[in-house]
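Subject: Structure handover

Hello,

Here is the structure I said I would pass on. Please look it over before reading the notes below it.

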Amino acid sequence: MDSQKASASVITLPMCKWLSAERSEDHLVAWNESREWRQHEFRRDVLSLIAGLRRTSHSRWALCLEDNYSFAVALLAVIYSGKTPVLPGHFRPAVLAEQQSEFDALITDLPLSPDCPVLRFPLALQETLTVLPPWPQDASVILFTSGSTGKPQKIVKPVSCLELESQWLGARWGTEFADARFAATVAPHHMYGLSFAFMLPLSLGLPFATTSVKYHEQLHSLASVHSLVFISSPAFLERLDPALNTPKLRHVFSAGGPLKHEAARLVAQTCGDVPTEIYGTTETGVIAFRQQHQPEQVWTLFGDIVFSLSPDGNTSLISPLISPSCCFKLSDEIRMLPADPCHFELLGRKDRIVKIAEQRVSLTEIEQRLCQLDLLSEASVLTVEKRGRVYVAAVLVLSRSGEQLLDAQGQVALLDNLRQSLRSWISPVALPRYWRIVPAIPLNQQGKRSAAELQEMFL
């Protein structure tokens with residue numbers, strides 16, 4: 001498919017050459033509003049961390065770093081050291097403790113105190129190396145994504161798959177990025193941020209911002225000085241201030257959930273570019289893309305990706321970005337366009353993983369956490385839509401201790417207690433916004449929970 005025809009003017013370097021002499025000592029790697037980092041500093045910092053890692057026997061290193069330059073240094077150093085980088089995806093202490101069997105040690109620039117060895121940024125290492133070790137040919141990165149059981153699912157992603165994905169993206173859009181800088185609202189600890197805000201700029205040799213963009217005013221300030229490729233999410237793009245006329249961005253990407261057409265128009269009016277939406281998963285990498293010049297524009301598959309529809313109505317795909325190569329079943333409902341295998345409509349998710357503010361939220365996990373609490377005997381978690389936004393809602397059956405607390409202190413105190421208990425495990429966007437207390441969870445004639453009755457409780 002011509003979406004992946006390489007352009008002679010666009011070269012993406014594999015990760016093993018990011019620190020090579022092919023890029024000059026003064027090559028700009030990263031920047032923030034107060035300073036810049038050059039190739040010679042990047043190489044020096046990676047070599048220094050490799051020296052520190054050599055003094056340890058730990059093989060799996062969790063990277064919990066807010067600063068994106070520090071993340072880049074740590075990721076390369078861990079791989080060059082023949083060790084495995086583990087990207088937990090979030091830094092809440094309770095969840096890190098639950099996942100601790102997945103890593104041996106941790107690198108962080110945050111005040112975390114896990115029950116394992118820790119290397120803290122900024123590093124104070126005296127020893128350094130002068131020559132990079134050989135690049136391991138079977139290098140891989142471990143990420144986590146929500147599974148259908150509610151527990152984080154480990155995904156082993158070969159570096160070779162990440163590099164191939166960067167080649168695809170560079171071939172399709174790289175010529176548009178010449179002399180631009182990358183800025184992002186998303187972190188590289190999740191697949192979208194890793195692919196677009198980390199792998200892509202470093203593969204193309206373009207500088208990336210070391211801090212995430214959190215407000216439209218920050219984006220406006222950066223775009224006033226630099227030509228930007230902006231990596232974002234629907235949650236951020238839908239909140240753009242139309243009164244703040246941002247200088248034209250070179251390109252805007254959005255992923256994490258479909259962007260409403262009104263939001264796509266807002267981005268085009270405010271930032272001068274119709275955003276390119278990316279559809280993909282942690283397991284598969286990128287799958288498809290679209291630009292909404294019209295409402296509900298269909299999605300286009302990246303080249304060499306093939307969809308197949310099984311008799312049970314599920315859609316599977318085969319992609320070179322999946323290793324080992326297999327037929328991967330999607331959790332979304334897909335409608336292929338007649339006689340056009342390259343285009344499709346995305347109809348929504350089939351499983352219990354939902355997107356809230358572009359974060360994957362497991363309704364099963366929230367239910368499990370609630371049911372572990374002494375105050376409850378049963379819980380059912382669902383999503384409700386209010387004023388065009390999706391929220392998490394919970395229907396609760398109280399235990400005897402929960403009834404006693406309700407009688408003694410009232411419903412406000414009871415719900416505050418539940419929220420505080422959940423905060424150690426669940427991200428803020430996943431906390432239930434709406435609550436109902438019932439004598440029993442309603443069941444249908446088949447003995448299954450009645451989805452219709454549960455939804456009616458929140459009308």
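The notes below go from the whole chain to a few single places in it.

This is a predicted model, in which local features need pLDDT of at least 70 and side-chain atom pairs count only at pLDDT 80 or more, while totals for chains, interfaces and linings use all residues. Residues are numbered from 1 along each chain as its sequence is written, and side-chain values use heavy atoms, with hydrogens and water left out.

Whole chain

The protein chain has 12 helices and 25 strands. Helices (H or I, at least four residues) and strands (E, at least two) are DSSP runs, numbered from the N terminus. The C-alpha trace spans about 70 × 55 × 50 Å along its principal axes. The radius of gyration of the protein chain is 23 Å, which agrees with the value near 23 Å for a compact globule of 459 residues. That radius is taken over C-alpha atoms, and the globule rule is 2.2 Å times the number of residues to the power 0.38.

Of the 459 residues, 54% count as buried. Buried means under 20% relative accessible area, exposed over 50%, and partly exposed in between (1.4 Å probe, protein chains only). The accessible surface is about 20,800 Å², and 51% of it belongs to carbon and sulfur atoms; the areas come from the Shrake-Rupley method with a 1.4 Å probe, and for residues only the protein chains shown count as cover. Among contacts with a separation of 6 or more, 61% are between residues 24 or more positions apart, where contact means heavy atoms within 4.5 Å.

Strands

Two strands pair if DSSP finds at least two bridges between them. Strand 9 (residues 181-184) pairs with strand 11 (residues 228-232) in the parallel sense over four bridges, and alanine 183 stands opposite phenylalanine 230. Arg181 and Ala183 point one way from strand 9, Phe182 and Ala184 point the other way, and all are buried.

Four bridges join strand 16 to strand 17 (residues 315-318), with phenylalanine 307 opposite leucine 317.

Strand 20 (residues 340-349) runs antiparallel to strand 15 (residues 299-301), and two bridges join them. Tryptophan 299 stands opposite phenylalanine 344 of strand 20. Strand 20 also pairs with strand 19 (residues 332-337), in the antiparallel sense, over six bridges; there isoleucine 334 has leucine 346 as its bridge partner. The hairpin of strand 19 and strand 20 has two residues between the strands, and alanine 339 takes a positive phi near 60 degrees in that hairpin.

Two single residues

Asparagine 68 is in helix 2 (residues 68-80). Asparagine 68 is buried because its relative accessible area is 10%. Not counting residues up to four places away in sequence, asparagine 68 touches Pro188, Phe208, Ala209, Thr210, Thr211 and Ser212.

Glycine 257 is in the loop between strand 12 (251-255) and helix 8 (261-271). Glycine 257 counts as buried at 18% relative accessibility. The C-alpha atoms of glycine 257 and aspartate 273, 16 residues apart along the chain, are separated by 19 Å.

Regards
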